[in-house]
Amino acid sequence: MAIEVRKAGLSTTIQDMGRPGYFHLGIPEGGAMDRFSMRVANMLVGNDETAAGLEAVFMGPELEFTQDTWVAVTGATMPILLDGEEKPGWSAFPVKAGQVLNFGFLKEGARLYIAFAGGIDTPAQLGSRSTYPIGALGGVDGRAIAVGDVLPLGKPGNPAARSVDTALLREQKSPVELRVLPGLYWHRITEASQQRFFDEEWTVAPEADRMGYRFRGGSPMEFVPREQPFGAGSDPSNIVDGCYAYGSIQVPGGTEPIVLHRDAVSGGGYFTIGAVISADMDLIGQLQPNTKVRFVKVDMETALAARKARRERLQTIREALAAG
Amino acid sequence: MPDIQSPLPGTFYHAPDPNSAPFKKPGDAVAADDTIGLVEVMKTFIEVKAEVEGTFDGFVAPNAEPVQAGDVLAKVR
């Protein structure tokens, strides 16, 4: 008893909260890019928040149910159609065996999160069902879902008709503001270049995926001259290989910043000017190509306060849903 | 007149590569599973299928420009 995939969409992957603990071996944490939306989707259908669901980018899949269950869709705004009848987002709704769920054109955001009562029960690898295609880990045989796949569901927790008050959701600014904590190699670019990075408007490039989000439109960076250290490449953006924290902003050649996301490599030979703060990483998962973005400089205190505020927002939603 | 809409956001291309002719020119016959263009996103080129039958009536979205999901790419009559 399960869900059958009739259309897979562009790249629809099984994701949960990832597999922390292996980054030092080069295996990324992975998991939902917009963890806020994945957690809320699970809350809505009465699952443990870390249960596995689907992450669908830009296009929704088409799914046929072979059992009665409950479904909630969060994240991007896209018409949600059950047997052609529109269903609300950020709400749990019952589904009968034989019904078909599909989606209209994307309106806002980039990634849908679809939770099912009981969660998707594919085998966990290294503690997670999250799909990491490059490492062939998790998902369905280590890959995105495909036509004909049958996705098993776990034992339902406590599904019910629940809905999130949209006033509790995070608000979207335009241009989108991503808060950045300058980091280890910030001193490698000139003060004028540092200032421009925050003053200029950037645009999401089409080469944005689960590994990294690339931005363009700003000025090329000016490097502080130095003699390249032994072991570093000859380009001024090269360093002696270093670790990349999740959210790090690398700028190969000093031209197009790339924010490393959930499936990113753990290290390399490009300098990183800083990191997008953890509270804003969910937002990146909802950026479409060509979206306008500004980077905003913050200090550690602000970053930690933002992390706390994000946690409190989730707690408020948790309590509101528990109260019915 | 049925419109062909972009299934996803990205960059729209009229031809399979820069040195080839466009997939369709006005007056060409269109079958439902004919490819009329490509949308590039996340380092992937996605073929846009006509999903309607008729006669090609021209591109609406310009070549090599950004499109949003649901944008009209071309017309068929």
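1. Pro175(A) lies in the loop that connects β11 (150-152) with β12 (176-182) of chain A, where helices (H or I, at least four residues) and strands (E, at least two) are DSSP runs numbered from the N terminus. The peptide bond that leads from Ser174(A) into Pro175(A) is cis, and its omega is near -5 degrees.

2. On provenance, this is a predicted model, in which local features need pLDDT of at least 70 and side-chain atom pairs count only at pLDDT 80 or more, while totals for chains, interfaces and linings use all residues. Residues are numbered from 1 along each chain as its sequence is written, and chains are lettered from A and ligands numbered from 1 in the order in which they are written.

3. Phe58(A), in the loop between β3 and β4 (62-65) of chain A, has a positive phi near 70 degrees. Phe58(A) is buried, with 27 other C-beta atoms within 10 Å; a residue is called buried if 20 or more other C-beta atoms lie within 10 Å of its own, exposed if 12 or fewer, and partly exposed in between, with C-beta atoms placed from the backbone.

4. Ala136(A), which sits in the loop between β10 (108-116) and β11 of chain A, likewise has a positive phi, here near 50 degrees. Ala136(A) counts as exposed, with 12 C-beta neighbours inside 10 Å.

5. In chain A, 5 strands make up an open antiparallel sheet in the order β2-β3-β10-β5-β8, two strands being paired if DSSP finds at least two bridges between them. Its edges are β2 (12-15) and β8 (92-95) of chain A, each of which pairs on one side only. Neighbouring strands of this sheet are turned by 30 degrees against each other on average, direction ignored; axes are lines fitted to C-alpha atoms, for helices over the stretch in contact, and angles run from 0 to 180 degrees between N-to-C directions.

6. Chain A as a whole has 4 helices and 20 strands. Its radius of gyration is 20 Å, close to the 20 Å that the globule rule gives for 324 residues, so chain A is as compact as a globular protein of that length; the radius is taken over C-alpha atoms, and the rule is 2.2 Å times the number of residues to the power 0.38. Buried residues account for 45% of the 324 residues of chain A.

7. Chain B has 0 helices and 8 strands. The C-alpha atoms of chain B fill a box of roughly 30 × 25 × 20 Å along the principal axes, and 34% of its 77 residues are buried.

8. Between the chains, 12 residues of chain A are in contact with 14 residues of chain B, a contact being two residues whose C-beta atoms, placed from the backbone, lie within 7 Å. The side of chain A that touches chain B has 8 nonpolar, 2 polar and 2 charged residues, where Ala, Val, Leu, Ile, Met, Phe, Trp, Tyr, Cys and Pro count as nonpolar, Asp, Glu, Lys and Arg as charged, and the others, Gly among them, as polar.
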